[in-house]
Structures are given as structure tokens and as C-alpha cells.
Amino acid sequence: MALLAGLLLLAQAGVMASRAASAADLAALAAADAARGIASGDPCAVAAGVAGQQGATVTACDVVRGEVVEVATELEQPFLLGRATGRARAGPPP
């Protein structure tokens, strides 16, 4: 029974990490569009809105060189092993 509980905790940690990473990816892509002028709004505000729709919060948002955005997210729902976080960077191709 303890082995099953351990496996379930590991599975939950994997799912939460994946959700946090996905939220960071989507938020960074949306923020990069705003930084390039493709979408309207402040890049970090756009990132926060997209992350919120995914059940995450933006813990850091930096616009680098005007068009590249780096975003860090954290899931709002804590789980037994701590908080799940994600990081992403998006911008135009080099």
C-alpha cells in the first residue's frame, strides 16, 4: 500500500510540473506577441492573464532586448511535495 501511495505522489508531481511548464510556455508566447506588437497590452500583464487562465501565477516576467520575454510561473494549488514551478522564454526567431 505504501508503494502505491508513493507512486501516486510521483505521478501527481509529474502532472503538476507539466501543468506549470505548460502555463509558462503559453504565458511566454502570449507575452512575446504583445512585446512585438502583434497583440495589444503590456507583455507581463498579458502573461499574467494567460497564466491565470491555466491556474498559475506569474512569479517573474522580464522583457529582454525589447522582444524576448522570460516568464516564471507557479501553480496556485499546492501539493504535498511543495509548489510546482515552470520557466519559459519566447520571442522572434534569431
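Let's start in the sheet: strands E2 and E3 run antiparallel and are joined by 6 bridges. Helices (H or I, at least four residues) and strands (E, at least two) are DSSP runs, numbered from the N terminus. Two strands count as paired if DSSP finds at least two bridges between them.

A word on what you're looking at. This is a predicted model, where local features need pLDDT of at least 70 and side-chain atom pairs count only at pLDDT 80 or more, while totals for chains, interfaces and linings use all residues. Residues are numbered from 1 along each chain as its sequence is written, and side-chain values use heavy atoms, with hydrogens and water left out.

Now zoom out to the whole sheet. It's an open one, with 3 strands in the order E1-E2-E3 and antiparallel pairing. E1 and strand E3 (85-90) are the edge strands, each pairing on one side only. From one strand to the next, the twist averages 15 degrees. Axes here are lines fitted to C-alpha atoms, for helices over the stretch in contact, and angles run from 0 to 180 degrees between N-to-C directions.

Between E1 and E2 there's a loop, and Arg 65 lies in it. Arg 65 isn't a glycine, yet it has a positive phi of about 55 degrees. Its relative accessible area is 68%, so Arg 65 is exposed (buried means under 20%, exposed over 50%, partly exposed in between, with a 1.4 Å probe and protein chains only).

Next, the helices. H2 lies across E1 and E2, running at about 155 degrees to E1. In H2 (residues 43-53), the buried residues are Pro 43, Ala 47, Val 50 and Ala 51. They sit on the same side of H2 because they cover an arc of only 100 degrees around the axis, taken from the directions from the helix axis to the C-beta atoms. These buried residues pack against helix H1 (2-36), strand E1 (56-64) and strand E2 (68-75), where contact means heavy atoms within 4.5 Å. Just after H2, Gly 55 takes a positive phi of about 80 degrees.

Finally, how do H1 and H2 meet? Their axes come within 8 Å and cross at roughly 150 degrees, which means H1 is roughly antiparallel to H2. On the H1 side, the residues involved include Leu 26, Ala 27 and Ala 30, and among their partners in H2 are Val 46 and Val 50.

Notes:
Angles under 35 degrees count as roughly parallel, over 145 as roughly antiparallel, 65 to 115 as roughly perpendicular and the rest as oblique.
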